[in-house]
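This briefing goes through one protein chain and the ligand placed with it. Please keep the sequence and the 3D view at hand while reading.

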Amino acid sequence: MNILERFYQGNKIALSKLISYVENQSTDYRKLLAQIYPKSGKAYRVGLTGPPGAGKSTIVDRLTSLLVKEKRKKVGIIAVDPTSPFTGGALLGDRIRMQDLTNQEEVFIRSMATRGSYGGLATTTKEVSVVMDAFGKDFILIETVGVGQVELDVVNACDTTIVVFVPESGDSIQAMKAGLMEIADIFVVNKSDREGAKRMISELDMILDIRRKKGDWEYPIVSTEAINNKGIDLLLAKIFEHKKFLTDNGILEQHRKNQIKIDLKKIIELKVKELVDEKISNSFNVDEVTERVFRGEDDPYSAVERVLKQIRLTNSE
Ligand SMILES: Nc1nc2c(ncn2[C@@H]2O[C@H](COP(=O)(O)OP(=O)(O)OP(=O)(O)O)[C@@H](O)[C@H]2O)c(=O)[nH]1
Ligand SMILES: [Mg+2]
């Protein structure tokens, strides 16, 4: 039996292998994706982001338990770990903390390292989520550390985005700087057992009031103590409310179409870049042109125009 057949039968090892192909961009991974893509589009994607140590993994863990036990949903988890510059591998933290879940049949966890590659990460995360989606997961929870553009790209690919804060000083201001306020649909103040939680909630409330409009999404703030499993049921209720809001207003459909457009654009760009690289390497001697430009006998703009004409890739003027 081939790997795709096993994948469709719900074999976790086959799922794991397919994800690895996609992650490593092994030869033929696009053919594989082409085959399974039509089976995707059913899963609901929830992105969780926020400062390091805010409790994202703990929340994901508790949410997953609720989704599986009470809602009978199948859950895929993608934990995007920043790569340690020393080991070059994913941090083990997430995997260890969510170990209980890995034994459950309905749950599949994948930890991904950023490898310091901008953009590339977002693409691969999306593709990995497509594989989980096609596998039959109902919900895909994606955890990223909220620090930069890469994370923004990842959460933008989600249907509901949750930003997790902790009552430590300065978080809300930093978050605004990082642009996290703009992307969140639901705000969580975790570690509410700590001092300052109430103040943080009212601070956020004030900022959000500017954004809230009648008849629009309410941008709720949920207070949680993930470690004590408090507030997680309310958070899940808000996720379902947001899902309903998006569905009822036709926003989910629009969002999915936008996602397809983004996918198409990315695939075109990648493919064109590959084709051009291949063709140019055959008809463009970079060292030779460099020498000529250096000696003042040529300029880089004309050199590129010439080679594009040669490989017949130029806008018709
Ligand atoms: N006091 C308190 N501690 C919590 C709470 N939720 C999580 N923690 C603790 O906070 C620490 C970090 O939790 P994680 O869930 O790993 O946080 P994270 O945001 O996933 O961390 P990174 O992935 O490393 O950015 C752990 O020691 C948790 O036990 C909470 O509600 N209250
Ligand atoms: Mg984590």
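The model is a predicted one. The protein has 317 residues, of which 34% count as buried. Its secondary structure comprises 15 helices and seven strands. Among contacts with a separation of 6 or more, 71% are between residues 24 or more positions apart.

**Ligand 1**

- There are 18 residues around ligand 1, and those that come nearest are G55, K56, S57, T58 and I227.
- Helices α4 (56-69) and α5 (93-97) each contribute at least two residues to this shell.
- By class, the shell around ligand 1 holds seven charged, six polar and five nonpolar residues.

**Strand β1**

- Strand β1 spans residues 44-50, and seven of its seven residues are buried.
- On one side of β1 the buried residues are Y44, V46, L48 and G50, and on the other they are R45, G47 and T49, which leaves both faces covered.
- β1 runs parallel to strand β4 (residues 139-145), and seven bridges join the two.
- Within that pairing, R45 is placed opposite I140 of β4.
- β1 also pairs with strand β5 (residues 160-165), again in the parallel sense, over four bridges.
- On the β5 side, V46 stands opposite T160.

**Helices α4 and α12**

- Helix α4, which supplies part of the ligand 1 shell, also packs against another helix: its axis and that of α12 (residues 232-248) come within 10 Å and cross at roughly 75°.
- A crossing angle from 65 to 115 degrees counts as roughly perpendicular, and α4 and α12 are therefore roughly perpendicular to each other.
- From α4, the residues making the contact are I59, R62, L63 and L66, and from α12 they are I232, D233, L235 and L236.
- This contact of α4 with α12 includes six nonpolar and two charged residues, with no polar ones.

**Helix α14**

- What is the number of buried residues in helix α14 (residues 286-294)? Of its nine residues the number is zero, so α14 lies largely in the open.

- K191 is not a glycine, yet its phi is positive, at about 60°.
- The loop that holds K191 lies between β6 (186-189) and α11 (197-211).
- Is K191 buried or exposed? A residue is buried if 20 or more other C-beta atoms lie within 10 Å of its own, and K191 has 24 C-beta neighbours inside 10 Å, so it counts as buried.
- N229, also a residue other than glycine, has a positive phi near 60°.
- The loop that holds N229 runs between β7 (221-223) and α12, the helix whose axis comes within 10 Å of that of α4.
- For N229 the count is 14 other C-beta atoms within 10 Å. The partly exposed class lies between the buried limit of 20 or more and the exposed limit of 12 or fewer, so N229 is partly exposed.

How values were computed:
Residues are numbered from 1 along each chain as its sequence is written. Chains are lettered from A and ligands numbered from 1 in the order in which they are written. This is a predicted model: local features need pLDDT of at least 70, side-chain atom pairs count only at pLDDT 80 or more; totals for chains, interfaces and linings use all residues. A residue is near a molecule or strand if its C-beta atom, placed from the backbone, lies within 6 Å of it. Ala, Val, Leu, Ile, Met, Phe, Trp, Tyr, Cys and Pro count as nonpolar, Asp, Glu, Lys and Arg as charged, and the others, Gly among them, as polar. Two strands pair if DSSP finds at least two bridges between them. Two residues are in contact if their C-beta atoms, placed from the backbone, lie within 7 Å. Axes are lines fitted to C-alpha atoms, for helices over the stretch in contact, and angles run from 0 to 180 degrees between N-to-C directions. Angles under 35 degrees count as roughly parallel, over 145 as roughly antiparallel, 65 to 115 as roughly perpendicular and the rest as oblique.
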